[in-house]
Amino acid sequence: MADPLEKRKEVKKKIRKLEGLPTLPPVVRKLNALIEDERSSLCQIAELIEKDQVITTKVLRLANSAFYGFPRKVATVQQAMMLLGINVLKILIITSSIFEIISKEDVKLWEHSIGVAACAKIIAEMKEISDPQEIATAGLLHDLGKIIQLIAFREDYEEVRRRIQGGVPLLKAELEVFGIDHAEMGAFLMYQWNLPDRLIEMVNSHHDLSRAKKFKKECALLHYADLFVQARGYGETTYHRLPPLDQRALSILKLTPSEIKEIFLKLEPRLYELKFFTEELKKELD
Amino acid sequence: MSNKEKQEIFLFLPRRKPYTEWVKILKEDFKVKRFYKPKDLLSSILFSPPQAIIYHFQLERRAFETLLQLKKNFNLVSLAIILVLDEKGLEELSDEQILQLLDDILFTTSTPLEIKLRLKICLYRLTRISDNNPLTGLPGNVSIMLAMTKALESEEPLAVGYVDLDNFKIYNDLYGFSAGDEVIKNLARILQTTIFEKTANAFLGHIGGDDFVFIVPLSMAEEICKDVIQKFNILLPAFLDEEDLKRGYFIAKDRQGVLREIPLLSVSIALVPVVKGKFKHVGEVSERAAQVKSVVKKLPGSNYFIDRRA
């Protein structure tokens, strides 16, 4: 196995050169249908995009590129859509490449991300943390690093999987293989693509709150959301058990038992709704 | 010229002669990226637009239309789209909507040198037309961004000056906008002469309205501000009625609609020193400038203020 430090450099170099991420074919089809339908509103389109981390990243990247708008300011799909408009979105979708091969297994990663987005939004609303939609976006994007692994480092990704099955904890396995974990990989790509600082910090620190600097509360929130959705069991990530709780979260953002109960009560119907979407995805991929 | 400073152009041309010859000569002066799949071309334009695109008309019509749409949608006036065609293509090119968005056409029979020169001329023309302020002829926001970005990386300590007029809105209301335009034009002249008489290593741009930006060596910045202010004060009487001049202030309604004594026109300059590594983004400089501006604006009359924070 290569030296992790060398590998880390190589990974970062490859991410820097990454031209784009491929999208799930059914999502593209659905989006096209929605766009062609004159009755659909920008909000409806945004709502669909918010369920796919790849298109969301694309839309945010475009709206934040210095050439078109205000770098590092646009944090939600809704905002981005106001800047870009339908015609540009159309072009964005035409130029999107799609996943050639994707297994049902991989779709579970989408499922998990949508779940975390929903949960993060619920906690943000409850704890009155500003712009719940932005927090939800961070939830959606938190495992972007894993998508990068899946696309650009398929073999290494399989190697991580094997090690996890052999009993190595996920983050450790990633560090052994990549010299960098998925949280940092995702954050690094988001930084390359000019996404807002708050989103980047949340994604970067979602397993390790010592990386939280300016937005500690938001970071702790995302850490909880990831944990809760894993605990509930929705979609699946490379973790087959609960990721470890970072104790720092408890002092940064206190949640009482009754609050946690309320979160799960609110989460349940949302997950149920989202299930329709992801089941449809899986069916179309068959 | 290092590859970093070269302007980037995208080429969508067939993989054969004479185009291979074109590519060779264009590479001398430009950073050239070739594309063969329309999808890749469009995606790259979307996320990192070049300065110009040379597109072979007969290759792919659909992508070409999308490209034009993109230019229109984003008002990408400074993105040059140049079409390559032969005699037959010339006859087919009649759609006014396409013509409106095109910047030039080249012929498959042109020599490589001609291609390079035409492209250069086209790019210069575009910067002039699309960016310079129509009133003052000074470089506008696109050039300002470029100059500022370059300044952030400069080895020599520089200062960025933000210039604007106090009570210009009142003046415009009282004297009419064409008189206002005269003041702007004259302020531009004062800035231009003062700055470039002192150093050739400088930049002056017109943001819009009564807002200007200049970039000069830090060592000369304060002297330039003093000169500009002095010249402006000397010239000011030429723009004022005798009545206002004698009285020493305007009488006009303030924002609440109450008649008040309002000070005469004066010029404010906020200076932000820029040394390499201090700022990462242009936005940080203008944020600083805004803070400094609010200090200058509180002082009566014409003033400059230099940001001395690290």
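## Strand β11 of chain B

Strand β6 (residues 158-166) of chain B pairs with β11(B) in the antiparallel sense, over nine bridges. Strands here are DSSP E runs of at least two residues, helices are H or I runs of at least four, and both are numbered from the N terminus. Pairing requires at least two DSSP bridges between two strands. Within β11(B), Val267(B) is the bridge partner of Leu165(B).

β11(B) covers residues 266-274, and seven of its nine residues are buried. Buried means 20 or more other C-beta atoms within 10 Å of the residue's own, with C-beta atoms placed from the backbone. Strand β12 (residues 303-306) of chain B runs parallel to β11(B), joined by four bridges. There, Ser268(B) stands opposite Asn303(B). The chain passes from β11(B) through helix α12 (residues 282-298) of chain B to β12(B), a left-handed β-α-β crossover. Right-handed would be a clockwise path from the first strand over the helix to the second, with the strands pointing away from the viewer.

## Model and numbering

This is a predicted model; local features need pLDDT of at least 70, side-chain atom pairs count only at pLDDT 80 or more, and totals for chains, interfaces and linings use all residues. Residues are numbered from 1 along each chain as its sequence is written, while chains are lettered from A and ligands numbered from 1 in the order in which they are written.

## The five-stranded sheet

Chain B also holds an open sheet with parallel pairing, in the order β2-β1-β3-β4-β5. β2 (30-34) and β5 (104-107) of chain B are at the edges with a single partner strand each, so one side of each has no neighbour in the sheet. From one strand to the next, the twist averages 25°.

Strand β3 (residues 52-56) and strand β4 (residues 80-85) of chain B pair in the parallel sense over five bridges. His56(B) stands opposite Val84(B) in β4(B).

## Nonpolar cores

The largest nonpolar core has 108 residues, and Ala120(A) and Tyr55(B) have the most contacts inside it. Such a core is a set of buried Ala, Val, Leu, Ile, Met, Phe, Trp, Tyr and Cys residues joined through C-beta atoms within 7 Å. Helix α6 (residues 104-126) of chain A gives the largest share, eleven residues. A second, separate core of 45 residues includes Leu138(B), Tyr162(B), Ile190(B) and Phe232(B).

## Where the chains meet

14 residues of chain A are in contact with eleven residues of chain B; contact means C-beta atoms, placed from the backbone, within 7 Å. α5(A) gives the most to chain A's side, with six residues.

Terms used:
Buried ≥ 20, exposed ≤ 12 C-beta atoms within 10 Å, placed from the backbone. Contact = placed C-beta atoms within 7 Å. Axes fitted to C-alpha atoms, helices over the stretch in contact; angles between N-to-C directions.
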